[in-house]
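The sequence and the structure are shown first, and the description follows.

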Amino acid sequence: ATNAPLGKFIHNNSSYGGSGAQLHASVDALVSTIRDTAYRRYGVEFWVAEITQGSGTSERRTHNGTDYHLSIFTRAQPRMPAMTHHAYLRAVDDDIMVRDTSRATVFLDGVAQPDYGIITPADGWVSVLIQDDLDPYTAHGYYPPVFGVAGKNPGDRFHMCCPALLPGLTRVNPNIGIIAALNSWLT
């Protein structure tokens with residue numbers, strides 16, 4: 001897969017009466033989903049990435065007879081036994097699948113999914129929360145990745161923004177937007 005910047009949330013944007021630039025349509029759709037009208041003009045700036053499915057046949061998952069191929073994922077590196085990942089995803093051309101593992105629970109807009117999380121273009125922006133619990137005694141300490149998204153067809157696109165990885169199993173409000181990191185408070 002390839003990724004590219006699509007649009008940016010702009011503090012004091014003209015879409016909601018400010019002097020800054022207009023918001024990209026996809027950014028505006030997310031802000032309209034997670035913020036009340038009075039809170040869409042100002043805020044912490046962030047980018048939305050557009051990911052385009054590659055033509056390869058990477059790791060395959062099948063759901064209801066349909067094949068999905070892994071597009072993006074967190075890399076294998078030392079990991080905590082319990083982790084929470086949050087991001088916003090929007091399917092553009094066709095359905096996408098949020099990868100699950102046997103220990104993880106995927107929540108779409110706060111609702112636990114029975115297996116994989118499937119997001120359709122009709123869903124618009126979706127808050128994706130993954131709680132991943134790993135017994136250190138039966139693990140290598142670096143695998144599996146906590147987060148992964150798979151698409152159906154080469155060239156299909158999806159949007160992603162505001163990814164965050166947190167220690168422990170944490171519930172996150174679907175309207176959170178950016179999750180502040182400890183290092184942002186230390187500088």
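## Strand pairing and the sheet

Two strands are taken to pair if DSSP finds at least two bridges between them. In this predicted model, strand E7 (residues 104–108) pairs with strand E10 (residues 126–133) in the antiparallel sense, over five bridges, and within that pairing glutamine 131 of E10 is the bridge partner of threonine 105. E7 is also joined to strand E8 (residues 111–112), again antiparallel, by two bridges; here phenylalanine 107 stands opposite alanine 112, while leucine 108 has valine 111 as its bridge partner. E7 and E8 together form a hairpin with two residues between them, and aspartate 109 in the turn has a positive phi of about 50 degrees.

These strands belong to an open sheet of seven strands, arranged in the order E1-E2-E12-E5-E10-E7-E8 with antiparallel pairing. The edge positions are taken by E1 and E8, each of which has a single partner strand, so one side of each is left without a neighbour in the sheet. As for E7, four of its five residues are buried, so this strand is largely enclosed by the rest of the structure.

Helix H1 (residues 25–34) has Ser26, Val27, Leu30, Val31 and Ile34 as its buried residues. They cover an arc of only 135 degrees around the axis, which puts them on the same side of H1. Residues three or four places apart in an α-helix point the same way, because there are 3.6 residues a turn. The buried residues of H1 pack against strand E1 (2–9), strand E2 (46–52), strand E5 (82–91) and strand E12 (157–167).

## Nonpolar cores

The largest nonpolar core has 18 residues, of which Leu89, Ile119 and Val128 touch the most other members. At least two residues of this core are supplied by each of E5, strand E6 (96–98), E7, E10 and E12. If residues up to four places away in sequence are not counted, the contacts of leucine 89 include Ile96, Val98, Ile119, Trp125, Val128, Phe147 and Met160. Another core, of 13 residues, lies apart from it, and among its members are Leu23, Ile34, Phe46 and Trp125.

## The aromatic pair

The structure holds one aromatic pair. It is formed by phenylalanine 9 and phenylalanine 46, whose ring centres are 5.6 Å apart and whose planes lie at 10 degrees, so the pair is stacked. Because phenylalanine 9 lies in strand E1 and phenylalanine 46 in strand E2, the pair ties together parts that are 37 residues apart in sequence. Both phenylalanine 9 and phenylalanine 46 are buried.

## An exposed loop residue

Alanine 122 lies in the loop between strand E9 (117–119) and E10, and with a relative accessible area of 77% this alanine is exposed. From alanine 122 to aspartate 93 the separation is 29 residues in sequence and 9.9 Å in space, C-alpha to C-alpha.

## Confidence of the model

The protein chain has a mean pLDDT of 90, and 96% of its residues reach 70 or more. Confidence in the chain is highest in H1, at 97, and lowest in helix H2 (residues 182–186), at a mean of 71.

Methods:
Residues numbered from 1 in each chain as written. Predicted model: local features only at pLDDT ≥ 70, side-chain atom pairs only at ≥ 80, totals over all residues. Heavy atoms only, no water. Buried < 20%, exposed > 50% of the residue type's maximum accessible area, 1.4 Å probe, protein only. Arc of directions from axis to C-beta. Contact = heavy atoms within 4.5 Å. pLDDT = per-residue confidence, 0-100. Core = buried A, V, L, I, M, F, W, Y, C linked by side-chain atoms within 4.5 Å. Phe/Tyr/Trp six-rings, centres within 6.5 Å; stacked < 30°, edge-to-face > 60°.
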